[in-house]
Amino acid sequence: MLDSTTQAMTVTLRDGGLMRRVAAYCAREAGLEPSAWADQTLAAFQQGLDARGLNASRQLLALYRQWLLEGGEITVAVQPQAPALGIPIVPVGEEPEGAEWTVAYNGATVPDVFLREAEPVLAEPDPGAAEPAVQQENPEVQGWYAASVENASQWIGRQVRVTLSNDNVVEGRLVSVSERELEVARVVAGGEVAYPMLARAITGFEVWRRGRKQ
C-alpha cells in the first residue's frame, strides 16, 4: 500500500495482544524461551541492516525487541518515497544531532531512533585471484569455493557465503540475482528470512559445492 501514495503520513499499529502470542508460538517451535527467540530475531534484523551497509541505534533495536515480545501501540511518521521510509540515516563521521524518527510507543515518545551508515572496510585486491566464468564440479570434494558475483545467477538455489565491505558475512540460500543486488535467505526461528545485499558492497562470494581443491 505504501507505493500508492507519495504523501507523508502518520501510521499507528495496534497489535491487540497478537505479538505476545506470535512470540510464544515461534519460541516454542524453535525450542527457545521467548527472550532468546527475540534475541535471535533481533540478530537477524541487524544482519539484514548490515547487508545494506546500515547500523541501528540502540533505541531502535530496543524498540524492535520490545515490540516482538510485548506488542502494543506504535505510531510513526512514514515518508513512502524516502530511503528507509523516512527513518533518519546518519552519514559516516557525522553526529546524530536532530536525526530522530518521530515515533511513539504506547503513547510515549521514543527518542534517538535512527540508522547510521556503516563505515566501509576496504579489502586489498588479490591480483592473482582470477577465476574462470564457469567452474566445473568434481564429485570427490565438497566445500566452499570462491565464485564471481557477476556470474552469481548460475548458483541460484545453492548455499552461498557472502562477505561484505564491512567484514560482515551472510550465509544462506541464494534466492535471486539482479544487476543491483543479491538476495540470500537464512533460516531464522523455523522460517526463512531473505536479505537483499547491494552487489557493490560485496567483497567475497563463495558457493558450497563439489569441486577440486587445489
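Asp 167 counts as exposed, at 54% relative accessibility; exposed means over 50% relative accessible area, buried under 20%, and partly exposed in between (1.4 Å probe, protein chains only). Asp 167 is found in the loop between strand 9 (159-164) and strand 10. Its phi is positive, about 75 degrees, although Asp 167 is not a glycine. Most residues other than glycine have a negative phi.

This is a predicted model, in which local features need pLDDT of at least 70, side-chain atom pairs count only at pLDDT 80 or more, and totals for chains, interfaces and linings use all residues. Residues are numbered from 1 along each chain as its sequence is written, and side-chain values use heavy atoms, with hydrogens and water left out.

Asp 112 also has a positive phi, about 60 degrees, and is not a glycine either. Asp 112 sits in the loop between strand 6 (108-109) and strand 7 (115-117).

Now for the whole chain. The secondary structure comes to three helices and 13 strands; helices (H or I, at least four residues) and strands (E, at least two) are DSSP runs, numbered from the N terminus. Of the 214 residues, 35% count as buried. Among contacts between residues at least 6 apart in sequence, 62% join residues at least 24 apart, where contact means heavy atoms within 4.5 Å.

How do two of the helices meet? Helix 1 (residues 18-30) and helix 3 (residues 58-70) pack at an angle of about 85 degrees, with their axes 5 Å apart. Axes are lines fitted to C-alpha atoms, for helices over the stretch in contact, and angles run from 0 to 180 degrees between N-to-C directions. The two helices are therefore roughly perpendicular to each other, a label given to angles of 65 to 115 degrees. Helix 1 brings Met 19, Arg 20 and Ala 23 to the contact, and helix 3 brings Trp 67, Leu 68, Leu 69 and Glu 70.

Next comes the interior. A nonpolar core is a set of buried Ala, Val, Leu, Ile, Met, Phe, Trp, Tyr and Cys residues joined through side-chain atoms within 4.5 Å. The largest one has 26 residues, and Trp 37, Ile 74, Val 103 and Leu 115 have the most contacts inside it. Several elements each supply at least two residues of this core, including helix 2 (34-51) and strand 3 (73-78). Helix 3 gives the largest share, six residues. Another core, of 15 residues, lies apart from it, with Ala 147, Leu 164, Val 170 and Phe 205 among them.

Two strand residues are worth a visit. Thr 12 lies in strand 1 (residues 9-14). Leaving out residues up to four places away in sequence, Thr 12 touches Glu 73, Ile 74 and Thr 75. The side chains of Thr 12 and Thr 75 are joined by a polar contact of 3.1 Å; such a contact is a pair of N or O atoms within 3.5 Å, and within protein one must be able to donate a hydrogen and the other to accept it, while residues adjacent in sequence count only if both atoms are side-chain atoms. Val 177 lies in strand 10 (residues 169-177). Beyond its neighbours within four places in sequence, Val 177 is in contact with Ala 152, Ser 153, Ile 156 and Leu 182.

Here are some partly exposed residues:

| Residue | Relative accessible area |
|---|---|
| Val 177 | 27% |
| Thr 12 | 33% |
| Asp 112 | 38% |

Conventions: Angles under 35 degrees count as roughly parallel, over 145 as roughly antiparallel, 65 to 115 as roughly perpendicular and the rest as oblique.
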